[in-house]
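Subject: Structure handover

Hi,

Here is the structure for your files. My notes follow below it.

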Amino acid sequence: MLGVVNDIRASHADRERYFDILKEAYAEGRIDTAEMDVRLQQISEAKTYRDLDAVVRDLPGQQVAPTGQTGRRGLLTAVGVAALTGAGVLLWPRIEGFLMPSPVEPAPVPALPPPSAAAPAPVETPAPEPSPTGPTLEAEPTAANPTVGPITGPVTSDAGKLLVSAIGWLQDKGYERVVRIHFHNLIEPSMSVRYRRLDDPSLEDYIVVESNFREYPSGPADDRPEIDVATLQRLNIDEMQRMALEALGGQKVLRVDLDMGEIDIEVEGDDYGRGAGTVTFDGAGTEMIQVEPRQ
């Protein structure tokens with residue numbers, strides 16, 4: 001039986017450990033891109049360890065312990081290597097757009113400079129000039145926001161472009177609300193949109209937005225709050241990603257998740273994990289409410 005199969009609630013860090021299992025399986029050719037998309041969606045929506053284990057049950061040699069508890073996943077966890085060698089460190093260098101495990105000698109980590117007595121003055125950056133090309137989100141007039149600035153030009157990020165496409169699809173189909181928006185960039189940019197069916201609100205479907213739209217039935221609806229499509233149109237998704245990368249010193253946006261009244265943006269750090277973590281915004285995308293570096 002994989003991992004700890006029970007009904008303990010899973011954390012963001014737990015889901016990230018299962019994302020690593022899928023990356024390894026994809027690299028080894030055990031699952032293809034389409035199946036990778038589906039399983040990433042399932043891990044993102046998993047609520048308990050039982051849900052997470054079910055996604056990787058058919059992948060060999062995978063055991064994952066919950067965050068903060070002793071466990072092993074084959075010989076691929078830092079705990080397992082340390083137990084065998086006495087001083088093992090597992091690093092994850094980037095290869096071809098995903099992370100592959102490779103035990104190497106740890107590099108020295110430079111000491112952080114002491115905090116300065118006076119915070120540096122903020123540097124003002126000019127707003128980008130609007131371009132006549134590229135997709136845009138229609139921002140309705142709102143009160144000036146000191147945290148996330150208004151949309152001033154075309155959307156340029158992968159997450160922003162896919163969100164524009166998703167909004168257009170929803171409007172064409174007559175949907176005014178969705179349950180969840182999930183963007184990931186682990187292998188290639190992809191976005192899934194979950195919504196309650198117009199003909200039967202007790203059921204939920206979802207679409208996957210890439211070069212085209214793939215529709216999937218997903219089963220009974222749960223009690224999560226819905227998000228207005230009009231709210232999605234006002235999100236300055238490019239500015240939010242920029243702020244998340246700046247807050248953590250990250251290298252790349254891996255995931256954007258709009259669910260349960262909050263927006264989580266996960267960013268990737270360097271090979272030693274520095275700069276990685278998750279930044280949480282409020283549901284309107286106007287205020288950064290939490291910065292959580294990855295431990």
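**Strands first**

Strands β7 and β8 (residues 203-209) run antiparallel and are joined by six bridges. Strands here are DSSP runs of E with at least two residues, helices are runs of H or I with at least four, and both are numbered from the N terminus. Two strands pair if DSSP finds at least two bridges between them. Y195 stands opposite D205 in β8. The link from β7 to β8 is a hairpin through six residues.

This is a predicted model: local features need pLDDT of at least 70, side-chain atom pairs count only at pLDDT 80 or more, and totals for chains, interfaces and linings use all residues. Residues are numbered from 1 along each chain as its sequence is written, and side-chain values use heavy atoms, with hydrogens and water left out.

β6 (residues 180-184) also runs antiparallel to β7, with five bridges. H182 has S192 of β7 as its bridge partner. A hairpin through five residues connects β6 to β7.

β7 (residues 190-196) is largely enclosed by the rest of the structure, because seven of its seven residues are buried. Buried means under 20% relative accessible area, exposed over 50%, partly exposed in between (1.4 Å probe, protein chains only). One side carries S190, S192, R194 and R196; the other carries M191, V193 and Y195.

**Helix α1**

α1 (residues 12-27) has 16 residues and reaches 23 Å from its first C-alpha to its last. That is close to the expected 22 Å, taken as 1.5 Å times one less than the number of residues. Its buried residues include Y18, F19, I21 and L22. G29 follows α1, with a positive phi near 80 degrees.

Best regards
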